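Subject: Structure for your review

Dear colleague,

Please find below the structure that I am handing over to you. My notes on its contents come after it.

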Amino acid sequence: MPATPLSLDRARHLDVPDGRIAYYETGLTDPAAPVIVWVHGLPLDSRSWAAQREFFDTRARNIFLDLRGYGASSELPPDVSGVTALYVADLAVLIQHLALTAPLLVGFASAGHVALRFAAEHPDLVGRLAVINGSPKFRRSADWPYGFDEKGIAHFTDAAAEGGIEGITDAVLDPEVVFADVDAARAAELGAWFREMSRDAGVRTLLGFFEDISLDDDRALLPAIEAPTLLMTSTIGQEVPSGVSLYLRTTIARARLAELPGADHFAFATRPELVNSLLDAFLTS
């Protein structure tokens, strides 16, 4: 990769109920430096933020969290339900453990969903919020035209049942659906890199999204978000349509919307210069 990813053996660990979470600290050590907490989305882990770490290590203190089941964190607890609530609780423990003051919380996709709930439920622990292709609700309904229908969800769960981790990884990282904004060589490079993280996560972790998180409906929580919020939406991404961010913009009081023209779902990796510049301007404004 153009930027060097984090190494899992650099992870620090924090005990949490029924497991432990892995996190990484990089960048500035000045107590007055701004703090950014980065939370990856499915099917990735903290290594996926390589381009952001390279850019922001000279600008901020950076904290990267591996959600439970991903990277160097422990597996999801047995028979867990309410995966989003688990992730929100883990994030709160981490921010309090590190005594972070008003950090910028950045979440991508499924972790953007986690970040939205976290900001609503823990306004005292967030200074600013940035969401890249996140959604309060990932399944369609009569009053929500965005996201997956039942057939769409079954595409992934069936792939897991029939092909295990390779099957669901193929479905999530289908080159016919993702990386449409880069050339074939770059798409293959990113695909191979992301597949490694997906395999490390395993079937049960990925199904935690499709069988649990995707059932959430957090729309009622959005008015409780007090933090200044930057919403970034990829204009050609299929997973989270731009209409979701338009909805968030009208529902979150202090939100601003930035469209990423010609960008696909994994914009932080395919269009890092644009995403980084927007985040930098938001951090310093």
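Residues are numbered from 1 along each chain as its sequence is written. The model is predicted: local features need pLDDT of at least 70, side-chain atom pairs count only at pLDDT 80 or more, and totals for chains, interfaces and linings use all residues, while side-chain values use heavy atoms, with hydrogens and water left out.

The core

Helices (H or I, at least four residues) and strands (E, at least two) are DSSP runs numbered from the N terminus. Phe-194 is buried at 0% relative accessibility, and Phe-268 is buried at 1%; buried means under 20% relative accessible area, exposed over 50%, and partly exposed in between (1.4 Å probe, protein chains only).

Aromatic pairs

The structure holds 20 aromatic pairs. Rings of Phe, Tyr and Trp (its six-membered ring) pair if their centres lie within 6.5 Å; planes under 30 degrees apart count as stacked, over 60 as edge-to-face and the rest as tilted. Trp-144 and Tyr-146 form an edge-to-face pair, 4.9 Å centre to centre with 80° between the planes. Phe-194 and Phe-268 are stacked, because their ring centres are 6.5 Å apart and their planes stand at 15°. Phe-194 lies in helix H5 and Phe-268 in helix H8 (residues 267-270), so this pair ties together parts that are 74 residues apart in sequence. Both residues belong to one aromatic cluster, which also includes Trp-38, Trp-49 and Phe-108.

Salt bridges

A salt bridge is a side-chain nitrogen of Lys or Arg within 4 Å of a carboxyl oxygen of Asp or Glu, and by this rule the count comes to 18. Arg-59 and Asp-280 meet in one of them, at 3.6 Å from N to O. Arg-59 lies in the loop between helix H1 (50-56) and S4, and Asp-280 in helix H9 (residues 272-284), so the bridge ties together parts that are 221 residues apart in sequence. Arg-59 is partly exposed at 34%, whereas Asp-280 is buried at 19%. Another salt bridge joins Arg-219 to Asp-143, with the closest N and O atoms 3.2 Å apart. Here Arg-219 is buried at 15% and Asp-143 is exposed at 51%.

Two individual residues

Asp-181 is found in the loop between helix H4 (150-172) and helix H5 (184-201). Asp-181 is buried yet has no salt bridge; Arg-271, the nearest side chain of opposite charge, is 5.1 Å away.

Leu-65 has its place in strand S4 (residues 61-66) and is buried at 1% relative accessibility.

Yours sincerely

Key: Lys and Arg count as positive and Asp and Glu as negative; His and the chain ends are not counted.
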